[in-house]
Amino acid sequence: MRRENEYGRIIAYERKRINLSSEQLCEGICDRVYLQRIEKGERACDKILADSILQRIGVSAKKFSYILDEQEKNFVAAKEKIVDLVDANQEKEAYQQIQTYREQTKGKTILYAQFCNLVEIVLKWKNGGDR
């Protein structure tokens, strides 16, 4: 098993430890077959997906090192920049960065789109939009 697929082994172990089915674990996050391929080491796992799955089973992703490829490093940096812009209430710049991030992550797991939707809602809320 390659090092970048190590999360799959951890996910499988922790899922079985708490007696959670793969269907229960991946609901709303990814396809069951996709999760099974990750657990078997047949498929690499994006950091955003691994973090979401580990969070659902109650394991902090901070306990594990994760080797990011250049693209994922850029995605993580872009997310951090978006969050900083939202925190600073720099609405115009935040929306521009969200749109860029959305375009760059198109076709990836739904979690990327969910992040964009979340920060857009936070921006609207911070600026007096519907709650």
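**Terms and the values behind them**

Guide: Let us begin with Ser-52, which has a relative accessibility of 18% and counts as buried. Please bear in mind that the model is predicted.

Visitor: Why is Ser-52 called buried?

Guide: The term buried is for residues under 20% relative accessible area. Ser-52 stands at 18%, and therefore it is called buried.

Visitor: Where is Ser-52 placed, and with which residues is it in contact, its neighbours within four places in sequence aside?

Guide: Ser-52 lies in helix H4, which covers residues 47-56. With those sequence neighbours left out, Ser-52 is in contact with Ile-29 and Leu-111. Contact here requires heavy atoms within 4.5 Å.

Visitor: What makes Asn-19 exposed?

Guide: A residue is called exposed when its relative accessible area is over 50%. The value for Asn-19 is 70%, so Asn-19 is exposed. Its place is the loop between helix H1 (6-17) and helix H2 (22-26).

Visitor: Why is Asn-89 called partly exposed?

Guide: Partly exposed covers what falls between the buried limit of 20% and the exposed limit of 50%. Asn-89 has a relative accessibility of 36%, and so it counts as partly exposed. Asn-89 is found in the loop between helix H5 (70-87) and helix H6 (91-104).

Visitor: What is the phi of Asn-19, and what is that of Asn-89?

Guide: Asn-19 has a positive phi of about 60°, although it is not a glycine. Asn-89, also not a glycine, has a positive phi of about 55°.

Visitor: How many helices and how many strands does the chain have?

Guide: The chain has seven helices and zero strands. Read from the N terminus, its elements run α-α-α-α-α-α-α.

Visitor: What share of the residues in the chain is buried?

Guide: Of the 131 residues in the chain, 36% are buried. The accessible surface of the chain is about 8,300 Å², and carbon and sulfur atoms account for 47% of that surface.

Visitor: What share of the contacts between residues at least 6 apart in sequence joins residues at least 24 apart?

Guide: Of those contacts, 61% join residues at least 24 apart. As for the extent of the chain, its C-alpha atoms fill a box of roughly 45 × 30 × 25 Å along the principal axes.

Definitions and conventions: Residues are numbered from 1 along each chain as its sequence is written. This is a predicted model: local features need pLDDT of at least 70, side-chain atom pairs count only at pLDDT 80 or more; totals for chains, interfaces and linings use all residues. Side-chain values use heavy atoms; hydrogens and water are left out. Helices (H or I, at least four residues) and strands (E, at least two) are DSSP runs, numbered from the N terminus. Buried means under 20% relative accessible area, exposed over 50%, partly exposed in between (1.4 Å probe, protein chains only). Accessible areas come from the Shrake-Rupley method with a 1.4 Å probe; for residues, only the protein chains shown count as cover.
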